[in-house]
Amino acid sequence: MNGTLDVAELLSGAKAVLDRNRCDGWTRPAPTLYPHQWSWDSGFIVLGYAHYDLERAFVELRSLFRAQWGNGMLPHIVFDPREKGYFPGPEFWETERSPEAPTHPTSGITNPPVHGLVASLLWRRGGDAARDFVAEAFPVVRAFHRYLYELRDPHHEGLPFLRHPWESGTDNSPAWDEALARIEVDRSTLPAYERKDLTVVSGEQRPTRADYDRYVFLIELFKGLAYREREIQAECPFLFQDPLFASLLARSNEALLELGDALGEDVGEIREWQQATTAAVEEKLWDEEMGLYCHYDLIAGERVRVATSSGFAPLLAGIPTESRRRRLLATLESPRFAGSSGECYLVPSHEVDGPAFDPVKYWRGPVWVNVNWLLCRALERCGFHRQADRVRGDTLDLIAHHGFHEYFSPFRTAARGPVGGYGSADFSWSAALTVDLLAGVSNAAGATAPGRQAS
Ligand code: 9WN
């Protein structure tokens, strides 16, 4: 390894991926595996556009916002009705059963609330040129948060629940395993369905058939209840509070407070949401023994003691106390995430010695660019600059070596297992966030910059 990154080459490669994946004003997360618009993907994607085409960023988010449900939910997918290459498509979700659904076809679940944070970053980047867009985005994001607090937080804890693994974005996380295993599915009662993902990516990198049966079972339940939230909450066998989702919500609340003040909006309710969420993450999701924040299974009534990269996310919103910050840092740098002799790229999505660890199966071990981007900001916010540099360097190193993949094996060398990029190639948020990460790397010569770790 030569110790430098070819910044110009990476930048032009990233922009070319985004150009190829861009459709009519929005961007596919991946060329064939994910051919529709996803909510949190678009949030990350526009952070790349913000560096060279701000208008594209606005158009992309407007395409998502126009699909907001009447109750405020931003759906996890906005479908391209011409596209037939993804399961489950609009004909499976049948969201027209709900009077809350927009006329444009969408899925019937949501995705992590990154949009407040993203809007504030666009404003910081665009200045006056972004003001009108931000004024447009503010009520949309506030209505989304209001939906989460009013319809997803029955005990007013400040921790909205997820009712499908796909709402987390970390869809195949081992945190869901026990809860999904408890759901008894009689296949003969499920509609016949055909997975399309396995025609693009090998099964060893994707969820199992038993997982998909449960994903489908939950969608059938939602459809049967015409997407009525209160009834779903009463009947759904999968209800989770999630440290990544909650931390993004807290961080986006913080952003809305800042934007609302600047726009002259009343931010009283947002302040209350923010205080409630911050306190609840601290009280309910911290696990002292694990030195990490965990998920909470509302059906089982217990914390799920599975160590995932989502457990570091409260740093992003500045939530942990000083002593917990130090504990989190120790966990991050311990053999559990960094490997026994530092042989892992940070940050594996599941601890490498964990029982469910798999270096190539999505969300069960691989490193993800969006999580690293978030954790890089989180570490910087808390003053852990050396560790933030390490996460940024590891991310760029993986991309420089293997390309703009969806996810990467955490192993630096083949001594412990497979090495390389997995899932889809030409993955949009990997490209977009590379553009943003490179902007943080000094590049006096315009061609090379420090960023690689010795292997
Ligand atoms: C289901 C689009 C999405 C990402 C998720 C990732 C994957 C979908 C799938 O792709 O999920 O939503 O079919 O596997 O897990 O984080 O938003 O890129």
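In which sense do strand β7 and β8 pair, and over how many bridges? Strand β7 (residues 295-297) and β8 pair in the antiparallel sense, over three bridges. Two strands count as paired if DSSP finds at least two bridges between them. Strands are DSSP E runs of at least two residues, helices H or I runs of at least four, both numbered from the N terminus.

The model is predicted: local features need pLDDT of at least 70, side-chain atom pairs count only at pLDDT 80 or more, and totals for chains, interfaces and linings use all residues. Residues are numbered from 1 along each chain as its sequence is written, and side-chain values use heavy atoms, without hydrogens and water.

**Sheet.** The open sheet has three strands in the order β4-β7-β8, with antiparallel pairing. β4 and β8 stand at the edges with a single partner strand each, so one side of each lacks a neighbour in the sheet. Within β8, R303 is the bridge partner of Y296.

| Strand | Residues |
|---|---|
| β4 | 240-241 |
| β7 | 295-297 |
| β8 | 302-304 |

**Helix pair.** Helix α5 (residues 115-126) packs against helix α10 (residues 243-263) at an angle of about 50°, with the axes 7 Å apart. Axes are lines fitted to C-alpha atoms over the stretch in contact, and angles run from 0 to 180 degrees between N-to-C directions. The contacts (heavy atoms within 4.5 Å) include H115, L117 and W123 in α5, and R251, E258 and L263 in α10.

**A tryptophan.** Leaving out residues up to four places away in sequence, W429 touches W40, D41, F44, I45, W368, V369 and N370.
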